[in-house]
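Visitor: I am new to this structure and would like to learn how to read it. Could you walk me through some of its features?

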Amino acid sequence: MTDKNANLIPAVPGLRSRCAQNTGSKHGKGPPVILACDVGGTRIKLGVVRGRRLLARVEIPAEAHHGLASAMKRISSQVRSLCRSARVETRELGGFGLAFPGIIEPGTERILSTPAGKFDDSRGLDVGRLVERELGLPALVCNDANAALAGEWRYGAARGCRSAVIMTLGTGIGTSAIIDGVPLRGQHGQAGCLGGHWTANLNGRECPCGNRGCAESEASTWALPTQAQAHPGFRESLLARAKVIDYAGVFRSAARGDSVAVELRDRAINVWAGALVSLIHAYDPECAVIGGGIMRSGTIILPRLRRYVARHAWTPWGKVKIKPTALGNDAGMLGVAWLLETRP
C-alpha cells in the first residue's frame, strides 16, 4: 500500500540536509536517529526518535525566564542518559530537531518572535550554531504547532488527508495548516500558526501580541487566572481554594456544579469552537486535529466542538472530521524529527 503522504510536503527553500554525516548505525540501514525536542511554556520534552518510533523520552522544567541558551545546556546534560535508555550510542544521532513556541523564519530558521517573557534571548541567538556547539549536531528549528501537525499528518490522526489543520489547547493556543500536502508558512513563517491570535472579542483584554481580544487571551491557560479572579463570584467559587487555577480545575469544579467554573468552561469551549470554525473557513481542511494539555477533558470538549462546527461552519460539501490527537504529547517530537529527516 502506498503512503498517501510520502512525497507531498515539498522541500523548504534554503534548507540543506547535514544529517547524512551522522547516520551510521549498528542497526544497519534505516531511518536516522534524531534527537527531538519540543519546547513548551512550562515543560521541555526531549526524545530519541527513529522513524515513527519514540525510543526514549524525558521531560524537564522549561524555566523559560532563564532563556533558550540556558535550556540548551540542560538539554545537553540529558543526552547521554537518554541515549542509554533508547539503547543507541550518541554517535548514532543524525541531528537535532527543535519544535519551538515562536515565529520561525523559513529558510534561515531564525526565531523572530516568542511568547512574552519566555525565552527572550532566543531572538538574538544563532540556534543552529548553539546546537552545533552544545551537541555537535545539525539542527532544524520550526514552530511547535507546525511540528505537531507534521507528526499527526505523517503518523497520527491526520494521516491520509491532503489538507489538515491542528489546534492545540494549552498554555496558549497553537495552530497550523497543511493545504494540498503543502505546509503553510508564508513570507515570515507566521502563516497558519497564529490562529490563537485571531480576534474572538473586539472588546476583550489586550493580548501580549498587541491585538485585543485574541482567542488565546480569551481562553488559554496563561489568561485563565486573571479571568477567574476578575469574576464577581470568584470568592465563593471552588476555584478560589485551588493552589493553581487551570482548566483541569475548571472542568473538575464545573462537574461539581460550581457556577463560576461552569461559566468559564462554557465560554472557553465557545471561544475554541469559534476559532476552529475560522480555521476551517480559512484553510478548507479535510480533517481538524485537536490536541494540547487541556484536551485531557476531551470527552467534554470534542462533542461540543463538533456540534458547534456542524451548526456554524460553512461547509456545504459535508462535515469536516474533527479528531483528537493520536500522538498526544509526542506529536511535536515525532513531527520535528520527520521534518529534519526529510529535508533536502
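Guide: Apart from neighbours within four places in sequence, Met167 is in contact with Ile173, Gly174, Thr175, Trp272, Ala275, Leu276, Leu279, Val289, Ile290 and Gly291. Contact here means heavy atoms within 4.5 Å. A word on the source: this is a predicted model, in which local features need pLDDT of at least 70 and side-chain atom pairs count only at pLDDT 80 or more, while totals for chains, interfaces and linings use all residues. Residues are numbered from 1 along each chain as its sequence is written, and side-chain values use heavy atoms, with hydrogens and water left out.

Visitor: Which residues touch the most other members of the largest nonpolar core?

Guide: First the idea: a nonpolar core is a set of buried Ala, Val, Leu, Ile, Met, Phe, Trp, Tyr and Cys residues joined through side-chain atoms within 4.5 Å. Buried means under 20% relative accessible area, exposed means over 50%, and partly exposed lies in between (1.4 Å probe, protein chains only). Here the largest core has 41 residues, and Met167, Tyr247, Trp272, Leu276 and Ile290 touch the most other members. Strand E8 (164-169), strand E9 (173-179), helix H6 (224-230), H7, H8, strand E11 (287-291) and helix H9 (298-312) each supply at least two of its residues. H8 gives the most, with 14 residues. A second, separate core holds 35 residues, including Leu55, Ala64, Val127 and Val131.

Visitor: How many aromatic pairs does the structure hold, and how should I read one?

Guide: A pair of aromatic rings is described by the distance of the centres and the angle of the planes. Rings of Phe, Tyr and Trp (its six-membered ring) pair if their centres lie within 6.5 Å; planes under 30 degrees apart count as stacked, over 60 as edge-to-face and the rest as tilted. The structure holds four such pairs. In one of them, the rings of Trp198 and Tyr283 have centres 6.1 Å apart and planes at 35°, so the pair is tilted. This pair links distant parts of the chain, 85 residues apart: Trp198 lies in the loop between strand E10 (182-183) and helix H5 (215-218), and Tyr283 lies in helix H8. Trp198 is partly exposed at 29% relative accessibility, whereas Tyr283 is buried at 12%.

Visitor: Is the pair of Tyr247 and Trp272 tilted or edge-to-face?

Guide: The centres of these two rings are 5.4 Å apart and the planes stand at 65°, so the pair is edge-to-face. Tyr247 belongs to helix H7 (residues 247-255) and Trp272 to helix H8, 25 residues apart. Both Tyr247 and Trp272 are buried.

Visitor: In what order do the strands of the open sheet run?

Guide: Two strands pair if DSSP finds at least two bridges between them. Five strands form the open sheet in the order E3-E2-E1-E4-E7, with mixed pairing. Strand E3 (53-61) and strand E7 (139-143) are at the edges; each has a single partner strand, so one side of each is left without a neighbour in the sheet. Strand E1 (residues 33-39) and strand E2 (residues 43-50) are antiparallel, over seven bridges. E1 and E4 are parallel over six bridges, and five bridges join the parallel pair E4 and E7. As for cover, eight of the eight residues of E4 are buried.

Visitor: Which residues of H2 are buried?

Guide: They are Val79, Leu82, Cys83 and Ala86. Seen down the axis of H2, these buried residues fall within an arc of 100°, so they line one face of the helix. The arc is that of the directions from the helix axis to the C-beta atoms. On the other side of H2, Arg80, Arg84 and Ser85 are exposed. Just after H2, Arg87 takes a positive phi of about 60°.

Terms used
Helix = DSSP H or I, 4+ residues; strand = E, 2+ residues; numbered from the N terminus.
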